[in-house]
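Okay, thanks for coming, everyone.

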Amino acid sequence: MANMMKAWWVGRPGITSTHPLEQGTKHVPIPDEGELLVKVNVCGVCRTDLHLVEGDLPPRHSRIVPGHEAVGIVVESGPRAGRFKSGDRVGVAWLGGTCGVCRYCRRDAENLCSRPVFTGWDRDGGFAEMMTVREDFAYAIPPQFSDEEAAPLLCSGIIGYRALKRAALPPGGRLGIYGFGGSAHLTAQIAIHSGASVFVMTRSEEAQVLARSLGAEYVGGAFDAPPVKLDSAILFAPVGDLVPVAMRALDRGGTLAVAGIHLSDIPSMSYADELFYEKQVRSVTANTRADGTELLALAAHMPLIPTTTAYPFAAADQALDDLASDRITGAAVLRIS
């Protein structure tokens, strides 16, 4: 039927081996005022999708469609939508809407909005043939990137970029990266491009090879101590046990940014060994649209080169299972059409 589309949605959340994703058909959504209807070409597979599917992030709605790194073509515009036209290529990211009036939005901190809307959590995402997006939260994709290359930039890239800013890395400084997946391998390139030295700690041997190929000065195991003290660090792995490890690796005045939306519990820390000398630990919460615009412009200028592993649309559950088991190097991408 013309008004139906194929989609994956979360059935009963659980570990990936229990197949919590279900595939079937849904009605093609109708764009509301200020919205676009987008034919999805590709959608990245993010660790946040994994947290949603496994229940670390409880689904906000039944049969929610995951996916928030979508690239596609505008096929229809709702009332009062005029920023894009039919045939334009757009990207859809994690932050799908904000209230615009709360104290956080008014102070240009929309990532902290009191009533945010997230793609693939509050509203159906890109694990489907069609999706809608508020046009003021859609991104124009630089022509330098293919659909498959652009998809990881829309969350992995943006969140890594914001995490790097939160880490307060000084010019020419030493940056530690813990975990080296979709977001980390992009952030490392940005840091190296800026003149930083990058030190990567990860358990995956394939990720270690990728880190070396991208120019990391040091590559070691997840819990290894780097050979020098770090000015800043970013924790991408959702492992709370790594927080004190990273804090011990920081130099005086260093900052650790925790990039994930979900983290296992952090163990107790020693004030003298892990917090004294004005060390800081900061969380990273979503992103602003300005972060996304800045990242895409920087990515096109560098250029930023994503490493991707593509899956057919029918293998979305396999992609998530591979992500859960650290069998993916770089970023996973679903080819929807």
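So, to start: which residue forms a salt bridge with R203? The partner is D326, and the closest N and O atoms are 2.3 Å apart. By salt bridge I mean a side-chain nitrogen of Lys or Arg within 4 Å of a carboxyl oxygen of Asp or Glu. R203 sits in the loop between β11 (197-201) and α6, while D326 is in the loop between α10 and β17, so this pair links distant parts of the chain, 123 residues apart. Helices here are DSSP runs of H or I with at least four residues, strands are runs of E with at least two, and both are numbered from the N terminus. R203 is exposed at 64% relative accessibility, and D326 is partly exposed at 27%. The cut-offs: buried is under 20% relative accessible area, exposed is over 50%, partly exposed is in between, with a 1.4 Å probe and protein chains only.

Quick word on the source. This is a predicted model, where local features need pLDDT of at least 70 and side-chain atom pairs count only at pLDDT 80 or more, while totals for chains, interfaces and linings use all residues. Residues are numbered from 1 along each chain as its sequence is written, and side-chain values use heavy atoms, with hydrogens and water left out.

Back to charges. The whole structure has 18 salt bridges. Another one is E33 with R80, at 3.8 Å, N to O. E33 is in the loop between β2 (21-27) and β3 (35-45), and R80 in the loop between β4 (70-77) and β5 (89-92), so they tie together parts 47 residues apart in sequence. Both of those residues are exposed. Then there's R134 with D136, at 2.8 Å.

Now, helix α4, residues 156-166. How many of its residues are buried? It's 9 of the 11, so the helix is largely enclosed by the rest of the structure. Those buried residues pack against several elements, including β10 (174-178), α5 (182-193) and α9 (289-301); contact there means heavy atoms within 4.5 Å. Just after α4, A168 takes a positive phi of about 55°.

Last, cysteines. There are 0 disulfides, searching the whole structure, the criterion being two cysteine sulfur atoms within 2.5 Å. For C43, the nearest cysteine sulfur belongs to C46, 9.5 Å away. C113 counts as buried, by the way, at 6%.
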